[in-house]
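Please read them alongside the coordinates.

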Amino acid sequence: MVQLARYAMGTEFTMALCGTDSYFLDSVVEEAMREVERLEQQLSFYRDSSELCDLNRRAAFSPVAVDPRFFRLLERAEYWYRASTGAFDITVGPLLRAWGFIGASGCPADPAVLEAARAVTGMSHVHLNPAAVTVSFDRAGVELELGAIGKGWALEAAEEIVRDNEVASALLHGGTSTVCAIGGPPEADAWTVAVQRPLGDLRRG
């Protein structure tokens, strides 16, 4: 088994690949982890040089051409926004700022600031053009933040690399929220994944 763990997207990504050729598995796991790191550079809300931050700066003034894979991610986010009737929303950047969650642990939101943030929140302000592969916002102040979907997207990309290299047994994990299992570990039919009770033992008290 070859294992690799690195910090990315605000959490620890861990990958375990099983097989007989450790040199080959080393190359595959490194390629998969590099893709996670590349996507962090592209999707980060906290790095001014990221494609996401560039999009947030420019899209209210003119359509912005983006990487096709990035565009597919935004299309998926739009789908889940509609499917959840707005509960899943990647335009929460202004709300995160209003509640003090950018670079801090949070604070009560000023009512006027919160009202202004709500005015620029919602995927109805984001316009995706599949033909041109461009993104535009219908008003200034809209900000996309991909924390709710970015880790899963990165793990899917890593999984694709592992499967394309025909690795039949692997466990990929992104922090405490996202896991992908391929095949099973040696001498077992399936991987065992534990999920902690979020509220403890509900039978108590």
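The points below cover the hairpin, the sheet, a helix, the core, the aromatic pairs, the cysteines and the backbone.

1. Basis. This is a predicted model, in which local features need pLDDT of at least 70 and side-chain atom pairs count only at pLDDT 80 or more, while totals for chains, interfaces and linings use all residues. Residues are numbered from 1 along each chain as its sequence is written, and side-chain values use heavy atoms, with hydrogens and water left out.

2. Helices (H or I, at least four residues) and strands (E, at least two) are DSSP runs numbered from the N terminus. Strands β1 and β2 pair in the antiparallel sense over 7 bridges; two strands pair if DSSP finds at least two bridges between them. Across this pairing, R6 faces F13 of β2. The two strands form a hairpin with 2 residues between them. M9 is found in that loop, between β1 (2-8) and β2 (11-18).

3. Most residues other than glycine have a negative phi. M9 counts as buried because its relative accessibility is 19%, whereas E166, at 73%, is exposed.

4. The open sheet. Three strands make an open sheet in the order β3-β5-β4, with antiparallel pairing. β3 (64-65) and β4 (126-129) each have a single partner strand and stand at the edges, so one side of each is left without a neighbour in the sheet. The pairing of β3 with β5 (residues 134-137) runs over 2 bridges. In β5, T134 is the bridge partner of A65.

5. Helix α3 and R69. Helix α3 (residues 68-83) lies across β4 and β5 and runs at about 130° to β4. Axes here are lines fitted to C-alpha atoms, for helices over the stretch in contact, and angles run from 0 to 180 degrees between N-to-C directions. R69 belongs to this helix and is partly exposed, with a relative accessible area of 38%. Leaving out residues up to four places away in sequence, R69 touches E35, R38 and W153, where contact means heavy atoms within 4.5 Å. The C-alpha atoms of R69 and V133 are separated by 9.8 Å, although the two residues are 64 residues apart along the chain.

6. The core. In soluble globular proteins, nonpolar side chains tend to be buried together. Here the largest nonpolar core has 50 residues, and L17 and L55 have the most contacts inside it. Such a core is a set of buried Ala, Val, Leu, Ile, Met, Phe, Trp, Tyr and Cys residues joined through side-chain atoms within 4.5 Å. Which helix gives the most to this core? That is α1 (residues 22-43), with 8 residues. L55 touches V64, V66, F70, L74, V135, F137 and L144, not counting residues up to four places away in sequence.

7. Aromatic pairs. Rings of Phe, Tyr and Trp (its six-membered ring) pair if their centres lie within 6.5 Å; planes under 30 degrees apart count as stacked, over 60 as edge-to-face and the rest as tilted. The count by this rule is 2 aromatic pairs. F45 and Y46 are edge-to-face, at 5.5 Å centre to centre and 90° between the planes. The Y79 and W80 pair is also edge-to-face, because the planes stand at 80°, with ring centres 5.0 Å apart. F45 is buried at 7% relative accessible area, while Y46 is exposed at 51%. Y79 is exposed, with a relative accessible area of 51%, and W80 is partly exposed at 43%.

8. Cysteines. How many disulfides does the structure hold? The count is 0, a disulfide being a pair of cysteine sulfur atoms within 2.5 Å. For C180, the nearest cysteine sulfur is that of C18, 13 Å away. C180 is buried, at 11% relative accessibility, whereas C107 is partly exposed, with a relative accessible area of 40%.

Notes. Buried means under 20% relative accessible area, exposed over 50%, partly exposed in between (1.4 Å probe, protein chains only).
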